[in-house]
There are 2 protein chains.
Amino acid sequence: MSQRKITINEVAAAAGVSVSTVSLVLSGKGRISEATCVRVNQAIESLGYVRNRSAAMLRGGGSGVVGLIVRDVCQPFYAEMTAGLTEELATQGKVLFLTQSGARGEHLQRCFDSLLAQGVEGIVLGGGADNAGDLVMKARDAEIPLICASRASALEEVDAIRPDNAAAARLATEYLIKRGHRRIAWLGGSGTSLTRAERIGGYCTSLLQYGLPFRPDWIIECGSHQRDAAALTSELLHQHPAISAILCHNASVALGCYFGVLRSGRTVGPKAMDSYYNQQTALVGFGDVPGAELTDPPLTFIHSAARRVGRQAALHLVQRLDNPTLAPRNLIIPPVLIERESA
Amino acid sequence: MSQRKITINEVAAAAGVSVSTVSLVLSGKGRISEATCVRVNQAIESLGYVRNRSAAMLRGGGSGVVGLIVRDVCQPFYAEMTAGLTEELATQGKVLFLTQSGARGEHLQRCFDSLLAQGVEGIVLGGGADNAGDLVMKARDAEIPLICASRASALEEVDAIRPDNAAAARLATEYLIKRGHRRIAWLGGSGTSLTRAERIGGYCTSLLQYGLPFRPDWIIECGSHQRDAAALTSELLHQHPAISAILCHNASVALGCYFGVLRSGRTVGPKAMDSYYNQQTALVGFGDVPGAELTDPPLTFIHSAARRVGRQAALHLVQRLDNPTLAPRNLIIPPVLIERESA
DNA sequence: ATGAAAGCGCTAACAG
DNA sequence: CTGTTAGCGCTTTCAT
C-alpha cells in the first residue's frame, strides 16, 4: 500500500515545491503563503508522510521528547503523576521516555545517561532524588532543564513541583479541630519518610495554633500492614481512650486503623457532639489516588493531587524550555479534601 | 567542565583511531583488537562521551526505542505491566516511550503516529485495542512489530501476551471446591468486560467439571463501588443463604463484599467443616497488584501476574526484532494463587 | 515568498 | 584489523 518510507523530498516533489518550503510549513516558522501551505499539507496527507523526529533533532530542531525517572511507576503517587505528565505533554506535542531507577534508585545514573543519549529536551525526576546531586551538574553541562516532581522536598537549586504535605496535614487537622476534636493522634509511616515528616510538621502546626498539646506518644510509626495498623490502633485507643480522631498516613494504614477502631468496641464516624462518652472515632486518611473508597462509612481523606503535580511539571518544563534562564522555582500543589463520612 | 558536546570524532581523535573504529567498538560489531578497544573506551570515559542515538538511528542503526500505548498508566494492571516492560527493556538496553490513549482510547491513532514519527523499533499495545484493526496494517506498512499486552484477548494475527483469565478463575474455583464449597457465587465486573467474561468461563468450567450446577442468578454484575458490592452481597446472601463462597472480580469489589458478608451477620473465612449451619463465608478475589492485603483476615486472591506480562512482552518484542518473520504467537501467563486466610 | 546547499553525528560499505 | 567516504532526513542560512 504505502511506500517504504516517505521523506520530505517526496512531499516536496508532490507539492511542486522545495524541501525547505516543506520544512517551513512543518514547523510553521517561515512566512509561507496560504496557497503553498495548503498544497504542501495536501501532499503530506495523501502520501501519509510522517516526519522523522530523529533527523529533525539531529539537525537542530527540538526532539520533542522529555524523559522521566521514577523508582517504580507502580507506586500510586508516581503512577498518578506519570499519567498527568504524559497527558499534559501530549497536548504540548511532546512525548515521554519512561525509565525506572529501581526500588532503591540503584539505576539512577544509567537512566539519566540513556535519556541524555536519546536527546531528550528535559528531564523530570520523580522521587529517588537523594544522592542525585551530580545529576544537577550533568544536566547543566548538557544544557537541559532538570525538574523534580516528587512527594517531598528534594534537590536544591532545581525547579520542583510537589504536593504540599504540610498543608495537607494542616487541612486534615484543622478539619478535625473544627469539628470538635481536641485529641488527635497520628498513625502510620516510617520515621525515615520525608513526606511523613512534612505532614507531621503540618499536624503539629495546627495543633499548636489551636492551643492543643502536641503529644509525641500519640504519633505512632507503622508500616503499611493492615494487621499492624489495626493492632497499634487498638493499643493506642486502649492506652489513651480520650483520643477521638486519628490521622492515617496512607490508605492501608487507614484501613487497618478502621478495623482497629471497630475492634476496640468503637465505631468510625464524626464526633457525636452530645454524647458524654466518646464512642465514635473520626478517621482522616492521606491518599494519592482519587476515588479510593475503602471502608464503610467511606473515609474522608486528603488527596495529594498527584496528577496535578504531573501536569504542572509538564507545563513548568515547557516554560523552562522556552526560557532557560528563569530562576529555579518551587511550585507547591495544594491538597484537596475529599469529604466523606468518617470524620 | 565538560565540552559543549562530545562527538564520535573527538573520541576518535583522542584515541588516535578513526571514527569508524569507534563506531564499531560502540556497537561491538566489527572485530576490533582488544588494545584499540580499550583505548577507545578510555577516551569515551575520560571525555564523558554519550552516543547520540538519533544520529545513529538516522543512519540505520536501531533506535533502541520501543513505544507503549495504554489508556491510562494508573489502571493497576497496566501500571504493573508497564513497570515490568520498562524493567526488562532496560536490561535489554532499550528505552520506552509511554503514551496514553485516554479513557476511551480516543487518542489511539495520535499515539501510534507519534510513536512512528519517533522511529520506535516496535510498539506494545496495552488494552484499548478494540478498534485498532488499522494499527495492524499501519505497523505492517512501517515494518515494525506490534504486540499486544493486555488483560484479555484482543487483535487477531498479532503477537499477544496476556494473563490467563480462564485459568485464574478455574484456579480460584477449584481451590474453593477442594476446600468443600459447593455453592460458589460470582460478584463484580460489568457485563461488557472481556476479562470478566473469560473469568466467568473458567469458573463455569470448573463448576461443571466437578458436577456442580451453574446458577446464572449467582453471578452478580457490579461496578467497583464498595457500597454497591456490599449491598449486593447482603442481598445475595439473604436470598441464597446456602452460598458459602464468593469470587470477587477485583479488589474493591472484594472489599465491599467483605463488608457485605459481615453485615449479613456472617464472618469471612474458610469453610468450617464441622458446623452444620454455615456461618463462615469464603472469599477469593482477583487482583493485579501483588501484596494487597486489604482486610482482616487478609484476602486469598488470584494474582494476574501483570508484571510478568510486561516482562514477557519485552522479551517477546526483542525476539520479534531479531526475527521478524516468526508466526504470530499467543503467550498466556498463568495466574498465581496468593493463599491467605479468607478461604 | 521560495529554492539551493551545507551540514547535524553517526553507520556501513568498501578499500587498504 | 582499521581508515575513507558517502549519505540517512531534516533544518537553516543565504541567495534569489
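How many salt bridges are there between chain B and chain A? The count is 4, a salt bridge being a side-chain nitrogen of Lys or Arg within 4 Å of a carboxyl oxygen of Asp or Glu. One of the residues to look for is A:Arg307, which forms a salt bridge with B:Asp72, with 3.0 Å between the closest N and O atoms.

Before going further, a word on conventions. The model is predicted, and local features need pLDDT of at least 70, side-chain atom pairs count only at pLDDT 80 or more, and totals for chains, interfaces and linings use all residues. Residues are numbered from 1 along each chain as its sequence is written, chains are lettered from A and ligands numbered from 1 in the order in which they are written, and side-chain values use heavy atoms, with hydrogens and water left out.

Chain B is superposed on chain A by a rotation of 180° with 0.0 Å of shift along its axis, at an RMSD of 0.2 Å (by least squares on the C-alpha atoms of residues with pLDDT of at least 70 in both). The two copies are therefore related as by a two-fold rotation axis. Both copies use the same surface, since 100% of the contact residues of chain B recur in chain A. Chain B brings 49 residues to the contact and chain A brings 49 residues, contact meaning heavy atoms within 4.5 Å. About 4300 Å² of area is buried between chain B and chain A, and carbon and sulfur atoms give 52% of this area. Buried area here is the accessible area (1.4 Å probe) that two parts lose on being put together, summed over both.

Between chain B and chain A, 10 residue pairs are in polar contact, both residues at pLDDT 80 or more. A polar contact is a pair of N or O atoms within 3.5 Å; within protein, one must be able to donate a hydrogen and the other to accept it, and residues adjacent in sequence count only if both atoms are side-chain atoms. On the side of chain B that touches chain A, the elements that each supply at least two residues are α4, α5 (76-91), β2 (95-100), α6 (108-117), α10 (226-239) and α11 (251-263). Helices (H or I, at least four residues) and strands (E, at least two) are DSSP runs, numbered from the N terminus. The largest share of this side, 7 residues, comes from α5(B).

Attention now turns to the DNA. Around DNA strand D there are 23 residues, the closest being A:Ile8, A:Tyr49, B:Ser18, B:Thr21 and B:Arg59; a residue is near a strand if one of its heavy atoms lies within 4 Å of it.

DNA strand C has 21 residues around it, and A:Thr21, A:Thr36, A:Arg59, B:Ile8 and B:Tyr49 come nearest. A:Thr36 places a polar side-chain atom 2.7 Å from a phosphate oxygen of DNA strand C, while A:Arg59 has a polar side-chain atom 2.3 Å from a base nitrogen. The surface near DNA strand C receives the most from α4(B), with 3 residues.
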